[in-house]
Each structure stands twice: as C-alpha cells, then as structure tokens.
Amino acid sequence: MEPAIFYAILAALFAALTAILAKIGITGVDSDLAVAIRTLVVVIFAWGIVAFRGVWHHIPSLSTKTILFLILSGLATGASWLFYFKAIQMGNVSQVAPIDKLSIALTIILAFIILGESPDAKTLIGGGLVTAGVMVIALWDVFFKNL
C-alpha cells in the first residue's frame, strides 16, 4: 500500500473518531469553549511530536510565504472546527459529518481553480458520488418527510 493512502485511511479513521468523541464531549458545553479545549490538546500534541522528532530547528528556514499560508490554513481550520462543533451540537453527527464531507467536492474544485490541478475521470466521478450522497442525506427529509 502506498504510504499516502495508508496515512489517508488513518486520517479518515481518526476524523470519524473525532466526530463521535466530540459529540459525546460537547454535551452541555459551549461549542466555542469545546473547540478551544480541543485545539489546546492538538497544539500540545503537535508540538510534542515536533519536539520528539527534533524538527523544531527548521522553523527559522521557513519562508514568509510558507508561514503566511500555514497561518491562513490554521485560520480556515479554526473556522471549520468552530462551525463543525456548533453543527454537531445542534444536530445529529450522522447527518452533519457527511455534509462536512462536501469539502471533498469543494477541494477538487478549488484545486482546479487555485492550484491548476486537472482532476481525472475517477476523481470527478468519485467527487460527484460523494456530493450525491451528501445531497441524499441532507435533503431526504425535505422531499420524503411526509411519505
């Protein structure tokens, strides 16, 4: 198995656990406070990994562009987590998580527009199927609630 695929599968597994554990942990807690606590844990964990691997000394060699885009990515992540936690606090995680996966289709589109990547047929078909699945989950009740 290609290492990137292995790590992607692990990321999906831990993302699923994140949703379930967050839904349990967010009960009776302000969602913004919950995100702040989770983020603190992530910060400590990530810097622990950096220290353990001894890669902290690479920081001075980072370019301004790299730092800027990592900061912007961090802000986007923070916004995503804030909205995600609010959504799972208010709704069913089994409905919110799939809608969150619309990020797959949006990422494919943005990768084409911003990065100039050319998606192949399997990526377009897969992204379309994910989007179709999200639409079924999100809109089923709208169309079939009274049946």
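Predicted model: local features only at pLDDT ≥ 70, side-chain atom pairs only at ≥ 80, totals over all residues.
**Entry 1: helix 2 against helix 3**

I started with helix 2, residues 31-53, and helix 3, residues 64-90. Their axes lie 9 Å apart, and the packing angle is about 130°. That makes helix 2 oblique to helix 3, because an angle has to be over 145 degrees to count as roughly antiparallel, and 65 to 115 would be roughly perpendicular. I also looked up the handedness: helix 2 crosses helix 3 in a right-handed sense.

Next I wrote down who makes the contact. From helix 2 I have Ser31, Asp32, Ala34, Val35, Arg38, Thr39 and Val42. Helix 3 answers with Trp81, Leu82, Phe85, Lys86 and Gln89. Sorted by type, the residues of this contact come out as six nonpolar, three polar and three charged.

**Entry 2: Ser31**

Ser31 was on the contact list, so I asked myself: is Ser31 buried or exposed? Ser31 is buried, because its relative accessible area is 0% and the cut-off for buried is under 20%. Ser31 sits in helix 2. Setting aside neighbours within four places in sequence, I find Ser31 touching Ile26, Phe85, Lys86 and Gln89. Of those partners, Phe85, Lys86 and Gln89 are also on the helix 3 side of the list in my previous entry.

**Entry 3: helix 4**

I moved on to helix 4, residues 93-100. Which of its residues are buried? I noted Val93, Val96 and Pro98. What do the buried residues of helix 4 pack against? They pack against helix 1 (3-25), helix 3, helix 5 (102-115) and helix 6 (121-144).

**Entry 4: salt bridges**

How many salt bridges does the count come to? I get two.

One joins the side chains of Asp100 and Lys101, at 3.4 Å from N to O. Asp100 is partly exposed, since its relative accessibility is 27%. Lys101 is partly exposed as well, at 35% relative accessible area.

The other pairs Asp120 with Lys122, whose closest N and O atoms are 3.2 Å apart. Asp120 counts as partly exposed at 35% relative accessibility. Lys122, with a relative accessible area of 65%, is exposed, because the cut-off for exposed is over 50%.

Note on methods
Residues numbered from 1 in each chain as written. Heavy atoms only, no water. Axes fitted to C-alpha atoms, helices over the stretch in contact; angles between N-to-C directions. Helix = DSSP H or I, 4+ residues; strand = E, 2+ residues; numbered from the N terminus. Parallel < 35°, antiparallel > 145°, perpendicular 65-115°, else oblique. Left-handed = near helix turned anticlockwise from the far one by under 90°. Contact = heavy atoms within 4.5 Å. Nonpolar A, V, L, I, M, F, W, Y, C, P; charged D, E, K, R; others polar. Salt bridge = Lys/Arg side-chain N within 4 Å of Asp/Glu carboxyl O. Buried < 20%, exposed > 50% of the residue type's maximum accessible area, 1.4 Å probe, protein only.
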